[in-house]
Amino acid sequence: MAAKIPTRLHLDEEEIPKYWYNLRSAMKEKPQPILHPGTLEPIDAAGLEAVFCQEPVKQELDETTPLIPIPEGIQDFYRAYRPSGLIRAYFLEKVLGTPAEIYYKFEGTNTSGSHKLNSAGPQAYYAKEEGLRSLTTETGAGQWGTAMAMACAFYGLDLTVFMVKVSAEQKPYRKTLIETYGAELIPSPSETTEAGKAILAQDPHTTGSLGCAISEAIERAMKTDKCRYVLGSVLNHVMLHQSIIGQEAKAALDKYGISPDIIIGCAGGGSNLGGLIAPFMGDKLAGKSQARFIAVEPISCPTFTRGRYAYDFGDTGKTTPLIKMMTLGSGFIPAGSHAGGLRYHGMNSTLSKLFVDGYIEARSERQSEVFDAAVQFMKVEGILPAPESAHAIKAAMDEALECKKTGEKKVILFGLSGTGYFDLSAFMAYNDKTLKDHVPTQEELDRGFASIPDIPQNSSMEK
């Protein structure tokens with residue numbers, strides 16, 4: 001009789017990857033280049049370095065190097081909380097009565113409570129090496145802002161965080177934690193920037209969005225000496241850093257001879273999803289795997305499932321370079337759902353290209369049903385998941401129940417990208433039965449689509 005697979009598939013510290021995996025190097029058809037918003041020509045390193053740190057810019061533009069070395073200074077940072085756990089969900093399998101094997105990669109054991117620290121550390125490290133004194137950023141639910149505050153405290157940098165206003169109101173303890181690490185936190189949109197003032201003049205009661213917060217953070221960085229802007233999702237260098245998640249997961253599964261059939265991640269801007277699937281997708285592109293990849297997003301912000309594939313700005317103020325991506329339009333303001341980290345109008349360009357080319361499936365889920373899944377999961381697995389991560393849990397449970405119907409024994413891997421300990425107001429609303437499901441009308445979507453720039457390179461994807 002074969003030995004039972006342990007609940008925790010263990011990797012030792014020395015097995016932490018020493019390289020990041022560049023998924024774009026495995027793609028025959030690459031994502032479209034980032035464009036300068038003025039010339040509509042592919043932007044060069046100098047154009048990006050006006051906003052971003054130098055080494056991340058090199059990584060952003062590198063489409064050919066498969067493995068990019070992780071500097072020793074960043075490896076030291078990773079050793080404080082990695083490798084993260086890969087866990088067999090035996091109790092969830094039992095309660096669902098499924099023949100499927102369910103595994104989850106748990107990124108919530110560091111103080112930031114999420115996977116975001118995997119890129120915050122490198123970006124702060126590179127900023128320090130470059131001789132910068134401060135950084136600015138945005139945050140949705142607060143995981144990225146917390147992670148960046150931790151990393152800046154570690155490397156001795158000042159930080160200003162523009163937090164989406166509705167999330168700042170929903171998650172006051174995130175604000176406290178970020179400020180305890182020494183960062184300045186400003187609810188966005190604010191009166192501290194010209195971009196924020198313009199947005200408030202248009203809608204004084206706006207709940208804000210990641211697009212708004214990005215505009216403010218970039219403006220502050222551009223007006224501050226020895227300062228640059230950093231971000232926690234969407235761009236390819238962020239997804240590169242997050243590939244450590246997928247590499248660890250793959251190494252642990254390989255130890256036990258396990259190959260996943262279905263890999264699932266929640267999707268906002270794409271860093272968590274892209275980081276988890278990267279090495280597995282590389283195998284699929286090389287013809288070594290038939291795995292399915294599922295992106296799960298909130299129905300209130302349906303970037304993959306109802307968006308368009310077009311060049312668009314990354315921020316509401318239309319100050320960023322243009323990125324070819326699945327988008328709802330930079331002017332789209334999603335409803336104030338509790339999955340604040342998934343309230344972004346666009347999607348990573350690499351993931352968008354893979355989706356358009358048929359390598360990634362996508363589905364959108366209602367907030368109430370996502371929380372049903374989160375509560376069922378926490379009752380049997382003992383972890384309170386973040387609302388963002390709960391989208392992946394919902395899809396994993398649905399796939400496991402489908403296996404129950406068919407009798408197929410599939411291996412399901414999903415990313416549990418964060419914890420929900422700062423989201424208790426959301427669970428209070430769930431317990432009080434006051435959670436609301438907002439499905440954008442076509443009119444709401446059309447207002448967002450109207451903000452997509454009309455340039456020759458644009459092409460929409462009819463759904």
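Lys226 sits in the loop between helix H10 (210-222) and strand E8 (227-229). Its phi is positive, about 55°, although Lys226 is not a glycine. This is a predicted model. Lys226 is partly exposed, with a relative accessible area of 39%. That value falls between the cut-offs of 20% for buried and 50% for exposed.

Leu40 is another non-glycine residue with a positive phi, here about 60°. Its loop runs between strand E1 (19-21) and helix H1 (45-49). Leu40 is partly exposed, at 22% relative accessible area.

## Cis peptide bonds

Arg82 and Pro83 are joined by a cis peptide bond, with omega about 5°. Pro83 belongs to the loop between helix H3 (72-79) and E3.

A cis bond also leads from Ser188 to Pro189, where omega is near 5°. Pro189 is placed in the loop between strand E7 (184-188) and helix H9 (194-202).

## The six-stranded sheet

Six strands form an open sheet in the order E3-E4-E14-E9-E10-E13. Pairing is mixed. Strand E3 (85-88) and strand E13 (361-365) are the edges, and each pairs on one side only. From one strand to the next, the twist averages 20°.

Strand E10 (residues 292-298) and E13 run parallel, joined by five bridges. Within this pair, Ile294 has Glu361 of E13 as its bridge partner.

## Helices on the sheet

Helix H11 (residues 236-255) packs on the sheet. H11 touches E3, strand E4 (101-106) and strand E14 (411-416). The direction of H11 makes about 140° with that of E4.

Helix H15 (residues 367-381) lies across E4, E13 and E14. Its angle to E13 is about 95°.

## The H5 and H6 pair

Helix H5 (residues 117-130) packs with helix H6 (residues 143-155) at an angle of about 40°. Their axes are 8 Å apart. H5 and H6 are therefore oblique to each other, since roughly parallel requires an angle under 35 degrees. The crossing is right-handed.

Which residues meet here? From H5 they include Leu117, Ala120, Ala124, Tyr125 and Lys128. H6 contributes, among them, Trp144, Met148, Ala151, Cys152 and Tyr155. By class, the contact of H5 with H6 has 11 nonpolar, three polar and one charged residues.

How values were computed. Residues numbered from 1 in each chain as written. Predicted model: local features only at pLDDT ≥ 70, side-chain atom pairs only at ≥ 80, totals over all residues. Heavy atoms only, no water. Pairing = 2+ DSSP bridges. Helix = DSSP H or I, 4+ residues; strand = E, 2+ residues; numbered from the N terminus. Axes fitted to C-alpha atoms, helices over the stretch in contact; angles between N-to-C directions. Contact = heavy atoms within 4.5 Å. Parallel < 35°, antiparallel > 145°, perpendicular 65-115°, else oblique. Left-handed = near helix turned anticlockwise from the far one by under 90°. Nonpolar A, V, L, I, M, F, W, Y, C, P; charged D, E, K, R; others polar. Buried < 20%, exposed > 50% of the residue type's maximum accessible area, 1.4 Å probe, protein only.
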